[in-house]
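Open the structure in your viewer and keep the selection tool at hand. Each stop below says what to select and what is there.

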Amino acid sequence: MQNLMRLISIIVRTALFILVLCLTAPIASADVSIDGLKGKAKDNVRLMLSLEKEKCTAPEWKIRGLYAKADQEIDQGLRAFGYYHAVINKSLIFGKACWRADFDINPGPQVYVNDISITINGDAHDDAEFQKLRDKLLKTRGSPLDQGQYEKMKSRIESLALERGYLQGTFTEKKLIIDKQLNQAQIKLVFAAGKRMVFGKVVVNQDILNPDFVEKYISIKSGEFYTSEQLAKTHNNLSKSGYFENVDIHPDIENGDQQVPVTIKLQPKKKHHYAFGVGFDTDIGPLVSAAYENRWLNRRGHFLTSELSLSPVLSTASVEYNVPLNNPVSDSFSFGGGLKREDTDSFDTLSATLSGRLKHALDSGWKQTLFLDLDYEDFTIGSTRTKTLLLVPGGSWLKSVSNNPLRPTRGYRAKFDVSGSYKNPLSDVSFLQGALSALWIHPLPWNSKFIGRTELGATLVDQFDQLPTSYRFYAGGINSIRGYAYKELGPKDSEGNVIGGKLLTVLSLEYEKAVLDDWGVAAFIDSGNAYNPGNILVKTGAGLGVRWYSPFGPVRLDFAVPLNESDSSFQIHFAAGARL
């Protein structure tokens, strides 16, 4: 009952907070009513009407002048969608506080496109991509006239010409003929594509890496057909390589020859990069971090990365030597080591790891990492101290998709992990483990979105008491079950110490709504636990949150209460950074 009262109190306080945020109201807008239209035609008429932009405070002489002009603007807005016989009835009323304009519009019959003629001359006449586009555009015959679509039709032909290397292509005829009496329209387009260009000599200006190594990032090949896709791909590869600050690709399309020479100018980044940061996370407390990167150790493109992170609960240090492979855009190998110290209410551990990693980016968007870790861990649970050595091979597969990296309204993130070990002189325990974590964001009406999250894991192990805490499952915290402390949940031993479990199931449902440009509120419920087979005890937490959509990513502040027995009666969770 106390937990329920706390949750009600949180809801009331957050509602008051939202009310305060919404008190600042914009200057009142006048009411402009449009009846008789729907869909794009109505939207376009509103866009054309100058009255739509005026407030209640606008002078009467200005409003009457724009009102007189409205018929012309409405007619212009309707003609774009094939309505040439509109009948408009309108009225304008001035009240004490504001004015009101009403428009009742009968658009009349709509013009339909009854004939489309598209002719492609030059080398593109037999180009399969142009044939596909032409066939697709001809299928719009019989549709209502949309002058915006007519302009897009021409733009798609011109864009395809540039993409495919027909750089001198131009329309020799482009006509939109409208018969207002018959309500019919004809489209006639003749495009002279000319000769298809090919890439000429490719010159790369840079002096920090071997030319044959840089060439692996360049998909432009001399003598091949010119395509803007290959130019964009080359720019993207070089920009994401990590070596160059600026990438300038200049195709000389004005040289008058069928060959297009390309000059690529690469400005290197600073060789040494340092980063320092401070922050706070309610799971691990105040945080200090530092990073160092040597962006090219030699002319073959090898590079070094290192990171240090210190906090009262979790501290890590790592160094990694990276070697690009034959296709450096998608493949690399790395080896390195790391230290980790974690001190939670459930356990205290110190571990050291040596690792080798083979990384590959798949064409489907998945990032694959195959690894081999040699892990030594010294951990204490309650009064029991254990030391374990493990040789662990495994793999992970990660894919993240979003429509906006800083403020996504649609997207998902999925990660699969598989690892294991077999007892031998370099491994004290035999185990096999699999885990899945996933997050899904879907837009909802009223400027809101749904966020679903799950974590699943399972372990087969012969001696669980020898399995390090890094390979056990725990629950609780902002990225797990809110309302409970970080890694507070899991099976307990006879002394009441949380020892972690062989299985993990977590499900989270969240509703988030933007209330101002850069602020939002959320309501959520999380449920699940870490457990052993046949002994699951579901724990649930619920609460409300505040969101700040900052320039560097979302900041989350959550107020949550546990709905089951817990070590604490209330949790405040704070975290920053993208979730996808």
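Start with helix α3, residues 60–79. Select R64 and E60: these two sit four residues apart in the helix, so about one helical turn separates them. (Helices are DSSP runs of H or I with at least four residues, strands are runs of E with at least two, and both are numbered from the N terminus.) A salt bridge joins R64 to E60, with the closest N and O atoms 2.8 Å apart. The term means a side-chain nitrogen of Lys or Arg within 4 Å of a carboxyl oxygen of Asp or Glu. R64 is partly exposed, at 43% relative accessible area. E60 is partly exposed too, at 41%. (Buried means under 20% relative accessible area, exposed means over 50%, and partly exposed is in between, with a 1.4 Å probe and protein chains only.)

Before moving on, note that this is a predicted model: local features need pLDDT of at least 70, side-chain atom pairs count only at pLDDT 80 or more, and totals for chains, interfaces and linings use all residues. Residues are numbered from 1 along each chain as its sequence is written, and side-chain values use heavy atoms, leaving out hydrogens and water.

Select R100 and D102. Their side chains meet in a salt bridge, 2.9 Å from N to O. R100 is partly exposed at 34%, whereas D102 is buried at 18%.

Next, pick K175 and E173. Their closest N and O atoms are 3.3 Å apart, again a salt bridge. K175 is partly exposed, at 41% relative accessible area.

Now select a network. Salt bridges with shared partners connect K449, R453, E455, R482, E510, E512, D526, R547, D558 and R579. The whole structure holds 30 salt bridges.

**Aromatic rings**

A search of the whole structure finds 19 aromatic pairs. F130 lies in helix α4 (residues 128–138), and Y166 in the loop between α5 (147–164) and β5 (170–179), 36 residues apart. Both F130 and Y166 are buried.

Go on to Y274 and Y292. This pair is tilted, with 5.1 Å between centres and 40° between planes. Y274 is in strand β10 (residues 272–281) and Y292 in strand β11 (residues 285–294), 18 residues apart. Is Y274 buried or exposed? At 51% relative accessibility, Y274 counts as exposed. Y292 is partly exposed, at 22%.

**Charges over rings**

Select K90 and Y67. K90 lies over the face of Y67, 4.3 Å from the ring centre. (A charge sits over a ring if NZ of Lys or CZ of Arg is within 6 Å of the ring centre and within 35 degrees of the ring normal.) Then try R196 and F225: R196 lies over the face of F225, at 4.0 Å from the ring centre.

**A loop stop**

Select N183, in the loop between β5 and β6 (184–192). Its phi is near 55°, a positive value in a residue other than glycine. N183 is buried, at 18%.

**Zoom out**

Show the whole chain. The protein chain has seven helices and 25 strands. Its C-alpha trace spans about 95 × 70 × 40 Å along the principal axes. Of its 580 residues, 41% are buried.

Technical notes:
Phe/Tyr/Trp six-rings, centres within 6.5 Å; stacked < 30°, edge-to-face > 60°.
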